[in-house]
Amino acid sequence: MLFPTVQFAIFFPIVLTISWALMSRPSLWKPFIIVASYIFYASASWRFCFLLAGVTLGNQTAAVLLRRTEDERRRRLIVGTAVALDLGVLGVFKYYSFFVQQLADVLGHAGLGVPLPLITIALPVGISFYTFQAISYVVDVKRRLVEPASLLDAAVYLSFFPHLVAGPIVRAREFLPQLARPRNPNRVAVGSGIALIALGVVEKVVIADYLARTVVEPVFAVPQAYTGPNVLLAAYGYAAQIYCDFSGYTNIAIGLALLMGYVFPQNFRSPYRATGFRDFWRRWHMTLSRFLRDFLYIPLGGNRGGRLATYRNLMITMILGGLWHGAAWTFVLWGAFQGAGLVTEHALHGRISAPAWLKWFVTFHLIVFGWILFRSESLHLAGVFLSRLLTLGAPTLWTAPVVSAIVVVIGLQLLPEKPLERFQVRIERLRPAVLAVGLAIVIVFSAATVPSQGVPPFIYFRF
Amino acid sequence: MSDATPPPPQPPAPHSDDALMSRFDRMGLRRFRARDAVLAVLLAAILLVVSQGDSIRKAGEQMNPGIGREIVLGVGRPAAWIADQLPLAGVSNAATAWLSPNPSLKGLQGFSSLTAATANGQAQVVSPEQFDPAAIGDKPPPRRPLHTLLVTGDSMSEPLDSDLAQLLAPKGVHVIQEPHVGSGISNTLLVDWGKLAALQVREHHPEAVVIFIGANEGFPMPGPSGREVECCSTAWAAIYANRVRQMANTYRQNGLARVYWLTLPTPREAARAAIARVVNAAIEVGVEPWANQIRVIDTVPIFTPNETYRDAMSVHGSQTIVRQADGIHLNDAGSSLLAGIVLARIERDFSD
């Protein structure tokens with residue numbers, strides 16, 4: 001069930017109404033919200049509900065066992081087992097076909113045609129997100145940053161539908177305290193919630209899908225058929241599309257949660273405003289970057305082992321971060337490129353001074369370059385895309401609506417933050433009835449831009 | 001075993017990221033009651049019902065059978081009725097019509113015209129066009145250069161369309177990629193392929209058309225008497241074949257164009273495989289009158305010999321996964337293999 005669909009538009013008002021009706025009775029609210037979340041998840045495929053339940057039970061068992069022992073070795077063993085199981089689930093469902101195919105190819109080329117079980121396995125929606133949340137839960141319990149939750153609370157935490165399928169990756173210590181007592185029915189951020197939902201719908205349905213249809217998909221599919229200026233436009237277009245697609249999803253998710261009384265962490269903070277790779281990762285998919293930092297980079301040793309060890313840790317973290325996005329060499333290469341950017345920045349730190357605008361310009365274009373690797377269907381096509389950038393020709397795709405959409409998406413991120421925040425606060429202070437009418441108008445106009453085949457899935461659904 | 005009491009739990013250590021959680025507590029942010037949240041969402045929902053009721057019903061009709069469809073239709077039917085009684089739907093449609101990215105199919109002949117036309121059961125006269133010259137040893141027509149190729153269909157045509165475009169780009173062939181995801185020949189609610197085919201020909205005048213469709217079939221269709229015919233009887237197959245025939249006739253443009261119609265590789269699921277079998281049989285019958293212009297490329301022997309589903313097969317001597325995890329579509333490797341076969345067939349009809 002996608003957020004901007006009729007099904008969800010029917011589902012959410014019912015769930016919101018019952019949720020607030022039951023809020024003062026957690027013993028009823030928690031089972032209700034678990035059932036609602038599983039119904040939401042089952043609309044993609046009911047079979048995967050068992051997987052979600054299994055991940056929940058497995059990690060909750062680990063959390064309970066952690067509470068029962070103070071023996072550090074045993075605690076490490078419990079956490080190691082739980083994390084291995086989570087990663088095992090992720091590995092089987094997300095990477096099995098990819099790695100077995102790679103192995104079969106290597107063996108085939110070496111003349112060792114060993115018959116391997118080459119099968120396809122359906123990727124459960126949201127698996128990358130809820131397994132990471134499960135890992136954060138048991139590790140935080142092990143680190144004593146959070147107490148083990150009850151089974152109901154753990155199930156709500158992992159299955160809560162606003163963040164279930166594509167994040168943001170909410171840490172246990174951020175969410176479980178909110179479950180400890182019913183949300184205050186007199187302090188609901190209705191304005192922020194509705195404004196974020198409306199913004200998210202426009203970002204996804206109006207801008208991201210429009211750019212995808214008109215420029216990005218045609219050019220990335222057959223870059224050799226397009227001139228340099230058009231290929232360049234597609235690269236900028238994808239930068240705008242992926243931001244609007246993912247930020248749109250996140251805004252809707254955060255807005256829905258706010259209406260239900262819950263707060264999710266921020267996931268984006270004007271990422272194209274960044275003046276370096278480190279700055280970019282503090283603004284882009286912030287909940288993933290802090291997860292990678294806390295559960296991969298720091299456990300690997302972080303910057304504690306000297307310069308070379310830091311570089312190694314950065315590269316490992318970013319390559320695995322790239323692979324998290326999907327089982328393809330393009331993602332691995334994109335991750336390696338991000339890692340190389342961070343390493344270079346680290347190595348040059350304090351040695352080169354440049355004006356802020358130049359740092360921004362270079363960073364932005366390096367990020368766009370990275371998106372070319374990320375979006376291309378194969379390494380070969382990425383190479384073709386890059387080579388076509390150097391060709392001349394008519395800019396036939398540079399139409400006013402496309403260029404305006406890209407300029408608005410990127411330009412808005414470069415504006416001073418304070419006036420935008422003030423504008424946001426002004427909207428959030430409007431009466432709920434006014435905002436509701438505004439939301440309805442936004443949805444009607446956005447729906448009119450949807451082609452007959454409907455709204456395509458969010459990009460991050462397949463991660 | 002140690003029976004020492006575990007130390008009391010420590011409060012979570014403050015963390016720099018936790019600040020992200022308090023961003024909605026900033027000064028000046030107005031808080032409302034939960035009742036306001038519920039009423040605001042319900043008000044928005046009511047406004048959507050009165051302005052978009054018909055769209056909700058149509059969305060339900062396009063869904064596959066199941067409880068989700070029943071729920072959406074349960075809301076959509078009364079919503080459509082309410083919207084019909086009020087002027088808001090007309091106002092919102094008029095205000096937003098200019099935003100629609102869908103091509104207008106008004107005035108084009110769709111499948112609805114077929115029902116009456118196919119009601120008679122007269123035997124047809126056999127024409128020379130029903131024979132492929134190559135198949136009977138006759139001299140084929142001279143090959144001519146290919147400038148424009150249309151690759152269309154439902155989601156099955158992706159990424160075949162991109163693969164063909166990449167293969168033909170160096171030859172200067174303009175490949176129009178037009179997938180209509182989620183559509184089907186037996187389901188005219190999303191798009192009427194009879195009309196769409198006419199529009200595609202009128203807009204692009206392709207010299208060759210590759211069509212790969214059938215992932216969303218099995219819907220009931222109106223028969224010659226006007227009554228709905230359920231899948232997958234011979235009656236349903238006949239209606240489907242007639243629709244295929246109408247499209248094929250449109251695409252061949254009175255013999256000016258060549259059409260390459262791909263059958264469905266057998267899907268993994270038995271229920272889908274049964275539909276695919278009927279669809280493939282209907283394609284064969286549907287294009288029969290123009291065997292000299294329309295090539296059926298049968299994917300079953302390539303990917304699923306004896307209609308036996310398989311994820312992987314030997315490609316260029318090495319075992320390769322060729323299907324997507326859904327057990328319906330071809331993956332990149334499978335699509336690439338098929339693109340090569342389609343291209344070889346196109347090259348027999350067209351010169352470089």
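In chain A, look for helix α2 (residues 26-42) and helix α3 (residues 47-68): their axes come within 9 Å and cross at roughly 135°. Axes here are lines fitted to C-alpha atoms over the stretch in contact, with angles from 0 to 180 degrees between N-to-C directions. Helices are DSSP runs (H or I, at least four residues), and strands are E runs of at least two, numbered from the N terminus. That makes α2(A) and α3(A) oblique to each other, the label left over once angles under 35 degrees (roughly parallel), over 145 (roughly antiparallel) and 65 to 115 (roughly perpendicular) are taken out.

This is a predicted model: local features need pLDDT of at least 70, and side-chain atom pairs 80 or more, while totals for chains, interfaces and linings use all residues. Residues count from 1 along each chain as written, chains are lettered from A and ligands numbered from 1 in written order, and side-chain values use heavy atoms, without hydrogens and water.

Who touches whom? On α2(A), A:Y38, A:Y41 and A:A42 meet A:F48, A:C49, A:L52, A:A53 and A:T56 of α3(A), contact being heavy atoms within 4.5 Å.

Now zoom out: 68 residues of chain B are in contact with 73 residues of chain A. Between them, the chains bury about 5,800 Å², with 67% of it on carbon and sulfur atoms; buried area is the accessible area (1.4 Å probe) lost on being put together, summed over both parts. On the side of chain B that touches chain A, α1(B) supplies the largest share, 16 residues.

Key: Buried area = accessible area lost by both parts, 1.4 Å probe.
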